Amino acid sequence: MNNLRTCLLIATLIPVFGLTLVTVPPIAKTSLAQTQNSQEEELQKLLQQAVQQREQRQALQSIETFQQALAIARQLKERELEAIILSNIGFAYNTLGQPQKALDFYKQALPIYKEVGDRSGEATILNNIGEVYYGMGQPQKALEDYNKALPIFQEVGDRSGEAAALNNIGRVYYVLGQLQQALDYYNQALPILQEVGDRFAEATTLNNIGSIYHVQGKLRQALEYYEKVVSISHEVNDTLGAATTLGNIGGVYYVLGQPQKALDYFNQALPIFQEAKNRSEEATILNNIGRVYHTIGQPQKALDFYNQALPILREVKNRSMEATTLNNIGGVYDGIGQLQKALKYYNQALPIFQKVGERSGVATTQNNIGRVYDRIGQPQKALDYYNQALSIFREVGNRSEEATTLNNIGRVYDDRGETQQALNFYNHALLIREEVGDHSGKATTLNNIGIVYNDRGETQQALDYYNQALSIFQEVGNRSVEWITLGNLGFLSENQGETEDAIKYYTQAIEVKESIQSEIKVDELKASFASHQIDLYERLINLLWNKSDFKDAFNYVERAKARAFLDQLANGQIDFRAGADSKLLQQEQTLKNQIIALRQQLITLHNRPRNKWDADTIAQTETQIASLEKNYQDLLLQLKIQSPETADLITVDVASLSEIQDLLDADTTLIEYFVTEDRTLAFIITQNSFQTVTLNVTRKQLKDELTLFRDLGDIDEAHPQELQNLHDWLITPLQPHLNTAKIAIVPHGILHYLPFAALTDGNRYFSDNYALSTLPSASILRFLPEKRKSQTNSVLALGDADVPGLSPLNFARKEVQTIAQLFNSQPLLGKTATETSVWSKATQSGILHLAVHGEYNTNNALFSAIRLAGDTENDGRLEVHEVYGLDLTTTTNLVVLSACQTKIGELNKGDEVVGLNRAFLYAGTPTVIASLWNVDDAATGLLMERFYTHWQAGMSKAEALRQAQIEVRKDYPHPYFWAAFSLTGDGGR
């Protein structure tokens, strides 16, 4: 494990200081109030009603009433009153978050004000048009209209309007990153508002001045202004103004490293904006709550709030804040190690920021893109992005983010071994952090300075910096980085030979990391996070092993393996689509249809004679399919995050050693492997014994030997040398402890792809003496008994499915016919071997046997598939993500995937294998038999016929498979023909 440097991403907390000084023109006219004309009386009545509805926040009703009034005003040819009504309708639409409609009505009103010579009304409408553009994330357009309004307000002596325009111009300069100009305009507006006694608007401008100090890192000054605003807002009963400032105070406390206090203020502001139906500010607060949850180590909650904010921002067309939220979503994926997904979101945010001219947003996203390139090993590209960001942050005076980027540049130089250059950048960042009071940022940089000193061998200084960082992280509750510093302290202690201290720090780091992990409910996010820095477990396990603390070592081995899958089994089947947003479900169906259409197009392209293939079109179509599959995967994740079912999901602890021993029967030995860089550890467990053996084989040796075997150089050699070597490394040293007839194996890493049955001493195979089964982890044993069903009397056997473009499987057809005959069942062959049959009949079948083509998707394992016949209901591709929706909980005791590569899956560092094998276990069967490579049709047909014959005669499933393999190799000696299939789960009867 290397030192864990912290490269800061910038996930933006959006200030809420967008209180708008929009002047709503007066609507009552004295001349109308004095007339007796019935139309005019009706008009006056409607206007009064509309005003009352607006004051009661009944915007839709007020629009309807204004529309009635507008018709009468036009009949009476009251042009000025027509303009006033149009203005008020526009204002109401803007309040409802419908900016384009607001613009339409404002732009109808503007020429009328010019026609009747109402300069004050003209200025007011220009100001309001500017406000709509500002809300739509088009600050330059807003500035044009505000600058047109300002001289007119000054010309007519409208001091309140003048102050409104000054304030709004200041706001635009703020967004454009020109903070000093923004402050100048705010300071021009403030004395005018105090002069005219407009306390409401005074509070708005005080709030905006506070926001400047907020961004400049002058947090105490910002708080002083915000507190004045809250006081005035309460005085004038301005709940929205108070909510805005509560949000900003929350933002200050967030930067000050007090996340819980920040949450308290955000949660006070949110319901006020929701009640007022102020969608834009509601989205702002949702974004900020998400940011806090991200910081305190709850990434799934963060995603939930960001995903609530994003559609609102798109609905109200606030492009700037949309980009901010996209950037923040990228930050969550960045934090859990899904770097390509993070980059995708950053690259969506960047052009939006560039288009709307938001310089700080551009720099923020450039910093984050740089961070991804740094982490994927492209330091020069990272430096290019960091330097672009640094220039902008300095230009706009954003000190806090300047420090963030300096920190990140320091990390690049440290990775290059240029430690003095790194220290220069870190120390510069540290000075700014202290200046602006950014506690979490300060701790991050202290951690990184500690790493430099550790790299230089100056361990005491490294220790001092680590301890300073740790103290701050614990004080502010920043768990997402606290565990990194704990890991660094463990690494330092280990290198100094202080084993007990190293164990203490690694243990604490894992506790913090797992506390974060336990709050992530969605399995994809949990698996990604769990695999993040799994080296911590490896280092701790090695230290515990070295001091003969084998039981604790075993506990951490279990904790390092397949935790997301363990939680999946514990929670059982969940329908994430129940109660889902109908728009998401419609998007899902659209994506499905697009993927199906493209796959059909690909089949058509491949059906041409090979010499007439259009290689470019085929490649383009394959790329389109892969892109849509990724989009579909993202949509599935969004469905899970937003599902109300998610909140009730639980996280379970791994089983203790004694519990695992109680779950084993007297005739079973469990072998659990843990592969490290330099050696492999083996735990051998029975009902009443616990043994450990160190195996002198490295991760690289295992990978190289297995790769050589999979190349299948000589299929005439029944006992390949590679399998003999693997047997010598993995089995021979354990042999004295293997005294039962059944062996359950928990592989690790590359060993998931090893055919244990075929390991050989040169004369006999491992499976000659033992009935073998595999398990994802030993803790899975606790869930197998509940999956077992009392009887297995029926089979749903499908074979040789009619799939365009795929060759027929003649032996598979015979295989299925034979199996169906054994169980007095009707086989489904050719066109009748449909995916629809699986969905409709598998639930009532004790055995699901699929003798068809399998397809492993190397780009996206969730789309690996069993290839069945299509029909009007289903396309014939039974994909991994769909299998999770199958219900095999009531009747199914066995699933046999008699197809190619059905046990292969995408393996991450947390030992999570995304593939068909585990998907069927989740769906409810206790046992899956699947293949590790492309299998021979004839040999597989014979193997399956012998397996079922033995099982039906009374053997256990594992023993039946063992006997079938022994018999098949009489005709097909090489392991390629008989050893591909292995049994996962329950090997019993």
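Buried means under 20% relative accessible area, exposed means over 50%, and partly exposed lies in between (1.4 Å probe, protein chains only). The model is predicted: local features need pLDDT of at least 70, side-chain atom pairs count only at pLDDT 80 or more, and totals for chains, interfaces and linings use all residues. Residues are numbered from 1 along each chain as its sequence is written, and side-chain values use heavy atoms, with hydrogens and water left out.

**View 1. Phe823 and Tyr948 form an edge-to-face aromatic pair.** Rings of Phe, Tyr and Trp (its six-membered ring) pair if their centres lie within 6.5 Å; planes under 30 degrees apart count as stacked, over 60 as edge-to-face and the rest as tilted. By this rule there are 26 aromatic pairs. Helices (H or I, at least four residues) and strands (E, at least two) are DSSP runs, numbered from the N terminus. Tyr948 is buried at 0% relative accessibility. Phe823 is buried too, at 12%.

**View 2. Tyr972 and Phe977 form a tilted aromatic pair.** Their ring centres lie 5.3 Å apart, with 35° between the planes. Tyr972 is partly exposed at 24% relative accessibility. Phe977 is buried, at 17%.

**View 3. Ring pairs join five residues into a cluster: Trp545, Phe550, Phe554, Phe683 and Phe690.**

**View 4. Two lysines lie over aromatic faces: Lys228 and Lys513.** A charge sits over a ring if NZ of Lys or CZ of Arg is within 6 Å of the ring centre and within 35 degrees of the ring normal. Lys228 covers the face of Tyr225, 5.0 Å from the ring centre. Lys513 covers Trp483, at 5.9 Å.

**View 5. Helix α9 spans residues 179–196.** The expected span of a helix is 1.5 Å times one less than its number of residues. For the 18 residues of α9 this gives 26 Å, and the end C-alpha atoms are 26 Å apart, which agrees. Its buried residues include Leu179, Tyr185, Tyr186 and Leu193. Elements covering the buried residues include α8 (159–175), α10 (199–215) and α19 (379–396); contact means heavy atoms within 4.5 Å. Gly197 follows α9, with a positive phi near 75°.

**View 6. Glu322 and Arg319 form a salt bridge.** A salt bridge is a side-chain nitrogen of Lys or Arg within 4 Å of a carboxyl oxygen of Asp or Glu. The whole structure holds 49 of these. Here the closest N and O atoms are 3.1 Å apart. The two residues are three apart in helix α16 (residues 319–335), so about one helical turn separates them. Glu322 is buried at 6% relative accessibility. Arg319 is partly exposed at 31%.

**View 7. Arg411 and Asp374 meet in a salt bridge.** The N to O distance is 2.7 Å. Arg411 belongs to helix α20 (residues 399–415) and Asp374 to helix α18 (residues 359–375), so the pair ties together parts 37 residues apart in sequence. Arg411 is buried at 13%, and Asp374 is buried at 8%.
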